[in-house]
Amino acid sequence: MDKNWNPSRTAPMGLAAFVFALVLALALGASPVARAAAFDEQTGRLTLDATSWSLPFDAISELTGDLGAWFGDSGDGELTSAQVADLYVADASGLEGLGHVRLGGDVRTIRFNLDSLASRFGGRRVEIRFWQRPEGTRLNASVEWVAVADPGDTDSVVVGSFRFQPTGRTTNDGWEEWTSGEVDFLAAGVVPLSHLELQDVQPQGYHSGYATHRGDLRVSVDALEIFDVGPALVPDTACTSLDMAEVCGGHGYCAMGRCMDSAIVFGPPPVDAAIKDQYLDRQRFQFQSFAGARVSQSLMNVLAGAIEVARNTASPILFWGSLRKGVNSLRDGHASAPMFGWGLTSQATNFGVCVHQGEADLLPTPEVAPMVFSVEASNPVADLLQIGDVLVEVDGLTVAEWKEALDLRAGHAADPDAFDVTYAPSLLAVAGLLGATMTFARCERTGPNPAPCTSGELELIDIDLATLVGEPFWAGTLPAWRNDSQKCDYRFGRAVDDPDVKGYSFAGFADEGPIRTLIFNGLPDLYGTTNDAWLTAVTDALDPPPQYLILDQRLGNGGSVSTTDFLMGLLLAEGDFDRAEIVPMFERSLDDALWSTLDGCNAQSNCGSYWAWVLHEMSGMEPGLRGVSANVRMAVLNGRDVSGNDFTTKLAQYRTGATRIFAPGVTHGAFGPIVSLPRHFSEVFGGSMQLWDSIFVVQPGDPRQVFATGRGVPPDETVLQRQSDALLGIDTTIEAAKAWLLQE
Amino acid sequence: MHSNWKHRSCSILSPISALVIAVVMIGCHQPPGQLADAAVTVDGGSDAATEPPPLRSLTRRELFAQTPVENRFFDPTFSQIDGIAWSPFSPTYGLCPVTRLHQRTPLGQPALRLERPVGQATGQVVGMAKGAAGPMEVSVWLGRFVGTNVVALRVSLYGLFVVGDSAVNLEADPSREPVVLDGVTWVYHSAFLADGPVSWAYLYVINQDAAPLFISAPVLMRVSAENRRLRSRLPADHRPLLPGEQATWRDWQRRLQDRFGGAPRPFVW
């Protein structure tokens with residue numbers, strides 16, 4: 001095994017390669033030649049391009065046949081023929097031709113099959129444009145590449161999908177032109193653009209939230225064209241995670257070992273230059289003006305720089321990647337960039353294998369490295385691995401070098417020191433997505449106190465994911481095991497044996513002698529009865545208090561402040577901690593005068609959305625429960641802890657009772673509520689951030705100066721799962737906690 | 001409150017004039033064909049049926065139409081009715097029906113249609129906006145179907161100001177003429193603030209009529225030193241928050257406090 005980086009092997013996505021990709025993307029960054037239907041000022045009508053493939057919507061029969069159009073209602077049921085016929089408007093009020101189609105009300109979706117066009121557009125690059133006129137509602141249009149094993153097979157994988165965007169062209173009577181932007185018709189030279197879907201935006205739930213659907217709203221559609229804009233941009237060739245910029249080009253992405261147009265999974269950048277500028281300016285403005293984390297405000301120049309990179313590129317991977325990198329550089333653990341496309345990247349699987357950061361003490365040179373914690377599936381990947389196997393190389397680089405070469409840290413939004421621990425479970429998925437070769441090292445040992453292996457004793461296991469997963473996938477085989485994925489909870493062992501033990505709403509405890517272990521994975525909202533079991537488990541675990549306590553929150557996904565207050569209210573006495581100040585950003589000095597205003601404003605009124613979270617009061621905890629377990633000697637076990645679990649860890653430090661934090665690393669440092677950011681055109685997701693930061697006031701009168709977001713809580717004792725313990729089925733962290741608890 | 005309500009015709013113009021004006025005021029034309037509602041004229045004399053419809057012309061729409069990019073409303077296009085960015089909850093009446101509409105509006109932005117819950121006296125919606133130091137203007141276009149009760153509404157901005165927790169009412173602003181589009185009369189409402197809210201503030205819109213109220217283009221902007229028109233305006237009077245405003249904010253706050261977590265899924269690659 002060559003653990004020394006071979007300088008002759010390039011690492012394209014390191015700095016040099018990033019620059020290369022940037023130069024290449026910039027060279028490709030000039031706006032493509034616009035192709036659009038010609039508008040006749042004399043007639044006020046469109047003339048479809050003679051060279052395009054067009055759908056003038058002059059008859060419903062156009063949509064059936066090869067296009068196999070499917071028409072869906074608001075419940076995703078199929079419309080009848082009569083209902084479909086009613087969609088067609090046979091008059092000249094459309095933009096061109098004899099008529100147009102009108103959707104809305106109970107008619108939600110039209111989905112076309114475009115794979116029949118592969119004979120015309122295979123190997124080519126296309127752009128799809130259509131026009132819609134909102135009459136109360138409008139359409140989201142999206143394209144989708146779907147890999148199926150056999151035609152008609154229901155088992156399929158969405159390789160990529162993204163939505164259309166406005167071009168900026170409109171008419172004075174309300175028609176709007178929308179475009180897919182340019183994209184290669186075939187994904188990886190194999191999977192055709194499968195579907196085009198037009199869907200009424202109204203029933204789409206998540207961001208509609210509490211909006212009311214109206215059945216009287218309509219939208220008209222006309223003049224759909226598919227333009228051939230030239231040969232495919234991204235070569236149909238094999239690639240690796242490390243050479244994708246060179247081999248696939250500035251627009252390319254290495255998908256399971258094959259080059260693919262990155263637009264397919266990320267979506268093209270805004271096509272219109274002015275709209276692109278406005279979009280990026282709004283992104284910069286909303287983070288600058290709304291972000292509450294003070295550390296984020298100090299890092300806005302980094303975001304601004306990333307936005308300028310995005311502004312000057314037409315490469316999808318560089319545009320969306322720069323935006324993501326810039327947003328994640330703000331050290332706001334709640335921040336995320338907008339998402340315009342999805343597909344393989346959103347369906348990543350770990351093949352049923354959980355890998356976490358561990359202490360590889362059985363390697364010839366012990367090191368901290370990703371290690372197999374569990375294997376809970378049987379498939380060509382999982383069958384090669386055992387508990388205790390250590391990931392030592394990816395595509396010939398050390399894991400650290402590989403992560404740097406791919407700039408994977410750009411995907412991490414929180415305290416940078418939390419990255420390695422947080423990201424470890426994603427390594428298999430990323431390697432699978434890119435078709436990388438992973439090398440695991442196994443030291444076979446039995447019995448207690450095993451000695452490290454020599455180099456000669458070490459077994460190296462190469463897992464070539466391009467061959468195992470990518471080749472069959474691109475050849476049209478979709479093995480069912482590709483869906484094998486296991487939820488990883490940063491634990492090696494668990495005191496509680498329950499099928500739901502990794503679930504967000506789970507809480508449970510078990511006793512081993514005088515030591516009680518309470519396991520939970522988040523702080524679910526306690527309104528209503530949905531999470532009564534969580535409340536009961538936590539209350540029963542802490543009232544009456546145990547002799548010793550292990551608080552196992554190695555998976556800590558946060559949740560509700562009142563729930564956090566309840567849990568920590570049981571563990572802290574009233575004199576242990578006063579309050580957390582939840583403070584928005586002010587574009588004026590937070591001086592004594594402003595503090596006086598904040599302190600003086602009516603706590604029952606809005607106070608500029610500043611508020612003070614006084615311990616025990618947010619949950620309305622009855623006095624008899626407050627601090628019931630405050631004096632218990634407690635070990636806190638951390639792994640990946642964010643938001644509410646940042647708070648639990650921070651507050652634990654103020655307890656009267658002896659407390660010690662055991663963890664492989666720091667928490668995320670996301671001290672504040674998370675809010676979703678609005679979408680500005682047709683993104684799938686608008687992003688997120690914290691609009692507030694927090695100040696911990698331990699005792700009344702303590703100075704209010706230190707904002708907490710951006711710095712995670714470090715452990716008192718850094719503990720990683722030891723490889724030698726893993727082979728014996730021992731949870732290193734739990735044993736360390738027990739040993740400390742029993743020292744008393 | 002709305003003494004200046006009047007109807008304005010969408011005049012029939014020559015093609016060239018139509019093209020020019022269409023670029024400036026989107027939608028102020030009788031559309032050929034499908035769009036509903038005849039134009040309402042000021043003098044009632046024009047008979048749209050005897051004149052040919054104006055020719056369709058190509059125009060352009062920017063990402064935020066005719067509203068500024070640096071609008072300090074958190075969600076100026078109503079894309080997120082999630083109980084935080086925009087909240088249609090009334091502490092008294094529960095969930096109020098709101099629908100995001102894509103239709104012609106004075107500034108080309110989407111609209112929100114607000115109605116009262118069935119059997120209830122008012123419907124309300126509240127949205128977040130970020131204050132700043134110095135003079136600011138808050139504005140919004142409010143619409144009613146032509147012929148319906150144009151009063152029976154209230155719109156205010158409440159928040160923490162240097163003068164304390166308070167609210168200002170937005171009033172019909174005669175600096176912009178009402179606009180009729182597709183059977184809806186839109187009136188521009190605004191307030192000038194001598195000093196903006198200290199931080200987050202809330203636009204609170206109440207519909208007190210059975211007819212729907214349309215809301216579009218909320219804008220909160222700093223007033224530049226060059227904007228003399230605004231700087232010469234009298235600042236809006238501050239008043240204490242009404243019980244409904246206070247209760248609405250408490251309800252909003254409670255919903256926010258459930259958001260310590262659900263952190264974004266780590267981006268795999």
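Two strands are said to pair if DSSP finds at least two bridges between them, where strands (E, at least two residues) and helices (H or I, at least four residues) are DSSP runs numbered from the N terminus. The model is predicted, so local features need pLDDT of at least 70 and side-chain atom pairs count only at pLDDT 80 or more, while totals for chains, interfaces and linings use all residues. Residues are numbered from 1 along each chain as its sequence is written, chains are lettered from A and ligands numbered from 1 in the order in which they are written, and side-chain values use heavy atoms, with hydrogens and water left out.

**View 1. An open sheet of three strands in chain A has antiparallel pairing.** The strand order is 30-29-35, and strand 30 (611-614) and strand 35 (692-697) of chain A are the edge strands, each pairing on one side only. Strand 29 (residues 579-584) of chain A is joined to strand 35 of chain A by six bridges, and within this pair A:V583 has A:D693 as its bridge partner. Helix 18 of chain A lies across strand 29, strand 30 and strand 35 of chain A, and runs at about 15° to strand 35 of chain A (axes are lines fitted to C-alpha atoms, for helices over the stretch in contact, and angles run from 0 to 180 degrees between N-to-C directions).

**View 2. Six strands of chain A form an open sheet with mixed pairing.** The order of the strands is 25-26-27-31-32-36. Strand 25 (507-512) and strand 36 (717-718) of chain A stand at the edges with a single partner strand each, so one side of each has no neighbour in the sheet. Strand 36 of chain A runs parallel to strand 32 (residues 659-663) of chain A and is joined to it by two bridges, with A:F662 opposite A:E717. Helix 15 (residues 532-542) of chain A packs on the sheet, touching strand 25, strand 26 (515-520) and strand 27 (548-556) of chain A, where contact means heavy atoms within 4.5 Å.

**View 3. Helix 9 and helix 10 of chain A are roughly antiparallel to each other.** The axes of helix 9 (residues 300-311) of chain A and helix 10 (residues 316-328) of chain A come within 8 Å and cross at roughly 175°; angles under 35 degrees count as roughly parallel, over 145 as roughly antiparallel, 65 to 115 as roughly perpendicular and the rest as oblique. Among the residues that make the contact are A:L303 and A:I307 of helix 9 of chain A, and A:F319 and A:L323 of helix 10 of chain A.

**View 4. A hairpin joins strand 19 of chain A to strand 20 of chain A through six residues.** Strand 19 (residues 353-360) and strand 20 (residues 367-375) of chain A pair in the antiparallel sense over eight bridges, and A:Q357 stands opposite A:P370.

**View 5. Salt bridges are found within chain A and between chain B and chain A.** A salt bridge is a side-chain nitrogen of Lys or Arg within 4 Å of a carboxyl oxygen of Asp or Glu. The side chains of A:R111 and A:E197 meet in one of them, at 2.6 Å from N to O; A:R111 lies in strand 7 (residues 107-113) of chain A and A:E197 in strand 14 (residues 191-200) of chain A, so the pair ties together parts that are 86 residues apart in sequence. Between chain B and chain A the count is seven salt bridges, including that of A:R588 with B:D195, whose closest N and O atoms are 3.2 Å apart.
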